[in-house]
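Let's take a walk through this model together, one piece at a time. Have the sequence and the 3D view open, and we'll start with a single residue before stepping back.

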Amino acid sequence: MTITELQAREHYSSVQRTARRLVGNRADADDIAQEALLRAIVYVKDGRSVENWQGYLNRIVRNVIADDYARRKRQGPVVDLDDVQGGLGVLPNQYQRHRVHEMQDAIDALPEQQHDVVQMIAIDGMSYRAAAERLGVPVGTVMSRLYRGRESLKARMDEMPAPEIAAAAA
């Protein structure tokens, strides 16, 4: 037996009631009932037959609800964009480039001994031992110059305003 438009209308109110009883929301129940009837129509158009339409449609309603639940679980919670919009801001790329230039200026302003050690170790990736051999000084001297250089850089970079403060001041 194939489902006709008249039969679909006959069963629609029953399918809708079943869906409303299961989900408790009229709008969701309407969507579920429509999806259930659509699945039934596609099923019979493929040449299959159904003996007990009411039982079959009730089963489809349950399957539609289960499919929707599984989809929502995979997608995660729905979040209102207005609730999170403030946390989605991304600093413009120019700010990052500006900070890199500021860091390079700060490195260039270091005393020569600290500058050389910071350049060799932090920028060029040399080991302490290789830097010590190249400079002709003990490893401990390299370590202390690097420490003082890093502290100077940190102090200088901390003096500059944070991106949130700079953006608010503009």
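Find T18 first: leaving aside residues up to four places away in sequence, T18 touches N58 and V61, where a contact means heavy atoms within 4.5 Å. T18 is found in helix 1. Helices here are DSSP runs of H or I with at least four residues, strands are runs of E with at least two, and both are numbered from the N terminus. With a relative accessible area of 6%, T18 is buried. Buried means under 20% relative accessible area, exposed means over 50%, and partly exposed is in between, using a 1.4 Å probe and protein chains only.

Before going on, a word about what you're looking at. This is a predicted model, so local features need pLDDT of at least 70 and side-chain atom pairs count only at pLDDT 80 or more, while totals for chains, interfaces and linings use all residues. Residues are numbered from 1 along each chain as its sequence is written, and side-chain values use heavy atoms, with hydrogens and water left out.

Now step back to the whole chain. It has 9 helices and 0 strands, so reading along the sequence gives you α-α-α-α-α-α-α-α-α. Of the 170 residues in the chain, 26% are buried. The accessible surface comes to about 11900 Å², and 52% of that belongs to carbon and sulfur atoms; these areas come from the Shrake-Rupley method with a 1.4 Å probe, and for residues only the protein chains shown count as cover. Take the contacts between residues at least 6 apart in sequence, and 54% of them join residues at least 24 apart.

How confident is the predictor? That is what pLDDT tells you, residue by residue, on a scale from 0 to 100. The chain averages a pLDDT of 82, and 84% of the residues score at least 70.

Let's go inside next. A nonpolar core is a set of buried Ala, Val, Leu, Ile, Met, Phe, Trp, Tyr and Cys residues joined through side-chain atoms within 4.5 Å. The largest one here has 15 residues, and V15, W53, L57, I60 and V61 touch the most other members. Which elements give two or more residues to this core? They are helix 1 (5–23), helix 2 (26–45) and helix 3. Helix 2 gives the most, with 7 residues. Apart from this core lies another, of 13 residues, among them L110, I121, A131 and L146.

W53 is found in helix 3, and at 5% relative accessibility W53 counts as buried. The C-alpha atoms of W53 and A40 are separated by 8.9 Å, and the two residues are 13 apart along the chain.

Charged side chains come next. A salt bridge is a side-chain nitrogen of Lys or Arg within 4 Å of a carboxyl oxygen of Asp or Glu, and a search of the whole structure finds 5 of them. One of them joins E35 and R39, with the closest N and O atoms 3.0 Å apart. Why are E35 and R39 about one helical turn apart? Because they are 4 residues apart in helix 2. E35 counts as partly exposed at 29% relative accessibility, and R39 also counts as partly exposed, at 31%. E35, R39 and D67 are linked in a network of salt bridges.

Another salt bridge brings together the side chains of R72 and D68, at 3.1 Å from N to O. Both lie in helix 3, 4 residues apart, about one turn of the helix. R72 is partly exposed, with a relative accessible area of 46%, and D68 is partly exposed at 24%. Then there is R99 with E102, whose side chains meet in a salt bridge at 3.3 Å, N to O. These two are 3 residues apart in helix 5 (residues 93–108), so they are separated by about one helical turn.

Finish on the surface, where V79, L81 and V84 form a nonpolar patch with about 250 Å² of accessible area together. Patches are made of residues with over 30% relative accessible area and no salt bridge, with like charges joined within 9 Å and nonpolar side chains (Val, Leu, Ile, Met, Phe, Trp, Tyr) within 5 Å. V79 is found in the loop between helix 3 (53–75) and helix 4 (81–84).

Conventions: pLDDT = per-residue confidence, 0-100.
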